[in-house]
Amino acid sequence: MRKMLIKSLAVGAAAVLALTACSNDREKSGGDTPAGGKGFAKDALIGVALPSKTSENWVLAGDLFTNGLKEAGFQSDVQYAGASTTVADQQAQITAMTTKGAKVIVIGATDAAQLSTQVAAAKQAGAVVVAYDRLITNTPDVDYYIAFDNFKVGQLQGQALLDGMKAKKPTGPYTIELFSGSPDDNNSGVFFNGAMDVLKPEIDKGNVVVGSGQTDVKQTATQGWKAENAQSRMDSLLNSTYNGGKTLDGVLSPNDTLARAIITSIKGAGKPIPVVTGQDSEVESVKSIMAGEQYSTINKDTRKLVAETINMVKTLQTGSDPQVNDTKSYNNGVKVVPAYLLPPLIVTKANAAEAYANDPKLSPLTK
Ligand code: BGC
């Protein structure tokens with residue numbers, strides 16, 4: 001099941017309909033071995049192209065890359081895509097990194113499917129291309145993928161939603177709404193499919209009902225991962241489906257920024273806060289969890305992900321192949337991209353203190 005689901009790419013393919021998709025092409029594609037680029041000067045230039053700052057993890061990643069690469073002896077060029085012309089910005093940044101002779105280009109894609117020309121040129125110039133956190137699709141020119149296990153993130157969110165609702169009300173049926181992330185981010189579909197892997201059997205049994213009937217990823221999507229888009233969709237759902245006294249028991253939210261927007265909408269309508277999931281362990285959401293509002297988040301420690309990415313760069317510098325632990329799950333439409341996946345952790349009020357014990361910023365919030 002996991003195999004079948006995780007291969008599905010952005011937008012339409014992430015629809016619940018993807019549950020029935022066939023996965024034969026996964027085996028067909030086979031991974032290309034990384035071309036050239038390995039074994040370069042110890043102080044080589046490393047490019048890092050990040051998307052716009054749609055959540056705290058991206059804000060943290062920029063400084064961590066700048067400092068970490070410097071400490072490791074490399075030169076770095078760390079860029080963010082702007083807030084509006086994100087795709088064009090990122091394309092131009094990658095091209096500039098290639099022109100400047102970057103030996104590795106680490107990319108957190110703004111739009112998974114819009115970078116094939118730029119990464120082809122980077123490879124042509126001898127750089128290694130690493131997709132960071134978000135997969136780059138429809139191109140043979142991505143060598144490695146490094147991320148937290150996105151499908152697992154979705155499964156943990158789906159399970160937390162069920163557990164949270166059960167803790168409040170021991171028996172169903174439970175009424176929920178579903179939100180997903182931006183359709184241009186390949187992760188959005190993977191998170192959604194992971195969550196549906198857990199929720200769909202309950203929906204099929206009638207234990208869980210999607211009140212609005214909106215289960216297609218086109219209906220649940222949140223363009224640009226923008227809080228205002230999630231808030232206005234929640235406003236409309238409250239008006240269309242919950243204004244007659246129907247109870248909303250839970251909301252699947254793919255991340256913390258959107259979870260808080262959903263909660264703001266529900267509070268604004270004067271309704272009780274249902275069980276709302278999240279992701280990213282953002283400061284305001286950890287506070288909300290401790291205050292008993294948002295139910296859960298996911299801990300994907302950005303410090304770890306950046307450190308592992310820099311380890312990958314160091315290994316490439318010596319001319320060796322970096323470690324991967326998944327050579328099956330991430331078919332980008334052209335090839336299976338060898339991946340190094342880290343385990344995500346579900347966090348609720350119950351385990352927050354333990355989960356953030358080694359995080360100086362979040363730990364004090366759990367006391
Ligand atoms: C990341 C999430 C983040 C989202 C919005 C995703 O690709 O994996 O952690 O919440 O982007 O920035």
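How do the residues of the shell around the ligand divide into nonpolar, polar and charged? The views below take this up. This is a predicted model, where local features need pLDDT of at least 70, side-chain atom pairs count only at pLDDT 80 or more, and totals for linings use all residues. Residues are numbered from 1 along each chain as its sequence is written, and side-chain values use heavy atoms, without hydrogens and water.

**View 1. The shell around the ligand.** The ligand is surrounded by 14 residues (each with a heavy atom within 4 Å of it). Thr54, Ser55, Arg134, Asp185 and Asp280 are the closest. The shell holds three nonpolar, six polar and five charged residues; Gly counts as polar, and Asp, Glu, Lys and Arg count as charged.

View 2. Polar contacts are pairs of N or O atoms within 3.5 Å. Asp280 places a polar side-chain atom 2.6 Å from a ligand oxygen atom. For Thr54, the distance from a polar side-chain atom to a ligand oxygen atom is 2.7 Å. A side-chain N or O atom of Asn187 lies 3.0 Å from an oxygen atom of the ligand. Taken alone, the ligand exposes 310 Å², and the protein buries 100% of that (Shrake-Rupley method, 1.4 Å probe).

**View 3. Helices at the ligand.** Helix H3 (56-71) and helix H7 (186-205) each give two or more residues to the shell. Helices are DSSP runs (H or I) of at least four residues, and strands (E) of at least two.

**View 4. A cis peptide bond.** Gly172 and Pro173 are joined by a cis peptide bond, with omega about 0°. Pro173 is in the loop between helix H6 (150-168) and strand E6 (174-178). Most peptide bonds are trans.

Key:
A polar contact is a pair of N or O atoms within 3.5 Å; within protein, one must be able to donate a hydrogen and the other to accept it, and residues adjacent in sequence count only if both atoms are side-chain atoms.
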